[in-house]
Amino acid sequence: MSQPSSPERPPNAQGVPGQIPVVVLAGFLGSGKTTLLNHLLHRSGGSRIAAVVNDFGAIEIDAMAVAGALGDSTVSLGNGCLCCAVDAGELDQYLTRLAQPSARVDVIVIEASGLAEPQELVRMVLASEHPGIVYGGLVEVVDAAEFDSTRERHPEIDRHLGIADLVVVNKADRAADGERVLRTVRELAGRAAVVPATYGRIDPEFLFDCRPSEERIGQLSFDDLHDEGGHGQEREEGQDGHGHAAPGHTGHLHAAYESVSFSSEVPLDPRRLMAFLDSRPEGLYRIKGYVDFGVQDTANRYAVHAVGRFLRFYPEPWGRAEQRLTQLVLIGSGIDAAALAKELESCKEDAPHADEHSMWGVLRYVQAPEETDPDR
Ligand SMILES: Nc1nc2c(ncn2[C@@H]2O[C@H](COP(=O)(O)OP(=O)(O)OP(=O)(O)O)[C@@H](O)[C@H]2O)c(=O)[nH]1
């Protein structure tokens with residue numbers, strides 16, 4: 001891969017004059033990609049990071065979670081996996097915007113949705129005609145605690161690990177058998193560097209160093225980056241009979257998944273929401289967003305994350321001019337989207353009155369101080 005360099009741009013952090021590395025950050029739903037990106041944004045020292053954030057659901061929860069740290073150095077692409085919702089030309093336009101010389105960016109990170117096909121994204125970056133950027137490698141984040149069950153449901157995860165340049169085995173604090181997971185990932189990841197992490201806390205240098213060799217790109221473009229149909233045999237669609245595939249996407253991880261987006265200006269009743277969350281169906285793997293509990297806590301909004309059976313709330317002070325709003329995205333396979341939306345509707349409070357006991361259910365799932373992400 002050789003791209004001409006632009007003479008006016010100073011050498012970037014990787015020492016390649018004029019070219020900005022574009023790193024693809026991928027990993028299954030809830031593995032910790034946004035957490036890792038936020039860590040990098042807070043700990044990158046003098047390096048300037050720009051980001052392209054891609055949400056699967058219609059409400060851009062991930063973009064909200066990184067926007068504060070990035071301002072206009074972020075481009076947000078909601079509603080659909082980047083690998084199918086955007087073509088290479090469009091991606092190029094976004095990269096051009098972020099790579100303007102005046103922004104003096106050292107690295108651009110593309111945070112894929114948790115259901116994107118990483119090889120499609122790598123292919124798009126390699127296809128970029130922008131002379132100022134260069135493919136900077138694929139980082140795969142693995143949820144060590146959910147690794148076995150995710151792999152069972154989605155054997156294609158092995159293929160994703162096989163094409164990565166750096167694998168971050170995240171949630172080391174939650175994994176019952178972290179060492180074994182690490183060994184398995186090392187076997188699957190081939191020549192990639194594999195690092196364990198908690199809350200995505202990796203040395204930012206890894207990001208700049210994960211650049212693939214020319215030889216490896218050659219290997220990828222031939223074996224793994226071929227177009228539609230090349231990975232059709234491994235598809236999950238049809239296995240559980242709940243595929244919601246868009247034409248041409250049938251081999252993709254996201255083919256069998258649906259999302260529900262819910263927004264409400266009426267606060268939610270904490271007891272009703274907890275009853276909903278406690279009885280959430282198996283297929284509903286991921287929930288994320290922000291909840292307004294109205295009079296029950298006027299000072300804070302509650303960020304909520306469910307990943308598999310794991311559930312956490314994170315109270316965060318409302319901004320001074322911030323609109324009080326609940327915004328949730330639910331992602332799952334084999335879910336009844338209409339029924340879930342209806343259930344959420346019925347969680348809205350009807351007659352607001354402060355009741356100190358009503359928050360107890362929620363508070364049981366508030367992160368304990370010893371397990372807190374320092375970059376939140
Ligand atoms: N205990 C623990 N929780 C973590 C760790 N890393 C991330 N989390 C939590 O896992 C949840 C999901 O993290 P995110 O960073 O939003 O995951 P993501 O991969 O961006 O999610 P999607 O974009 O939906 O695929 C959040 O509640 C995080 O706080 C970790 O190392 N340990």
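Mentor: Let's go through the overall fold, the domains, the core and then the ligand.

Trainee: What sort of model is it?
Mentor: It's a predicted model, so keep that in mind throughout.

Trainee: OK. How many helices and strands does the protein have?
Mentor: There are 13 helices and 12 strands. The protein runs to 376 residues, and 45% of those are buried.

Trainee: And the contacts, what share join residues at least 24 apart?
Mentor: That's 75%, counting contacts between residues at least 6 apart in sequence.

Trainee: Which domains does the assignment give?
Mentor: Domain 1 covers 20-227, and domain 2 covers 257-371. Where they meet, 12 residues of domain 1 are in contact with 14 residues of domain 2. On the domain 1 side of that meeting, six residues are nonpolar, three are polar and three are charged.

Trainee: What does UniProt say about residues 257-348?
Mentor: The unreviewed entry annotates them as "domain: CobW C-terminal". In the model, that stretch is 20% helix and 43% strand. Its end C-alpha atoms sit 26 Å apart.

Trainee: Switching topic: which residues have the most contacts inside the largest nonpolar core?
Mentor: Val24, Ile108 and Val167 do, in a core of 94 residues. Strand 5 (residues 133-143) contributes the largest share of this core, with seven residues. Both domains take part too, since domain 1 (20-227) and domain 2 (257-371) each provide at least three residues.

Trainee: Let me zoom in on valine 167. What is it in contact with, leaving aside neighbours within four places in sequence?
Mentor: Glu140 and Val142 are on the list, along with Leu161, Val185, Ala189, Ala192 and Val194.

Trainee: Now the ligand. Which residues come nearest?
Mentor: Gly32, Thr34, Thr35, Gly114 and His305, out of 24 residues around the ligand.

Trainee: How does that shell split by class?
Mentor: You get three nonpolar, 11 polar and 10 charged residues.

Trainee: Which element gives the most to the shell?
Mentor: Helix 1, with three residues.

Trainee: Last one: why does the ligand lie between domain 1 and domain 2?
Mentor: Because domain 1 (20-227) and domain 2 (257-371) both give residues to the shell around the ligand.

Definitions and conventions: Residues numbered from 1 in each chain as written. Predicted model: local features only at pLDDT ≥ 70, side-chain atom pairs only at ≥ 80, totals over all residues. Near = placed C-beta within 6 Å. Helix = DSSP H or I, 4+ residues; strand = E, 2+ residues; numbered from the N terminus. Nonpolar A, V, L, I, M, F, W, Y, C, P; charged D, E, K, R; others polar. Domains from an automatic or database assignment. Buried ≥ 20, exposed ≤ 12 C-beta atoms within 10 Å, placed from the backbone. Contact = placed C-beta atoms within 7 Å. UniProt positions renumbered as here; feature names shortened; annotations may be inferred. Core = buried A, V, L, I, M, F, W, Y, C linked by C-beta atoms within 7 Å.
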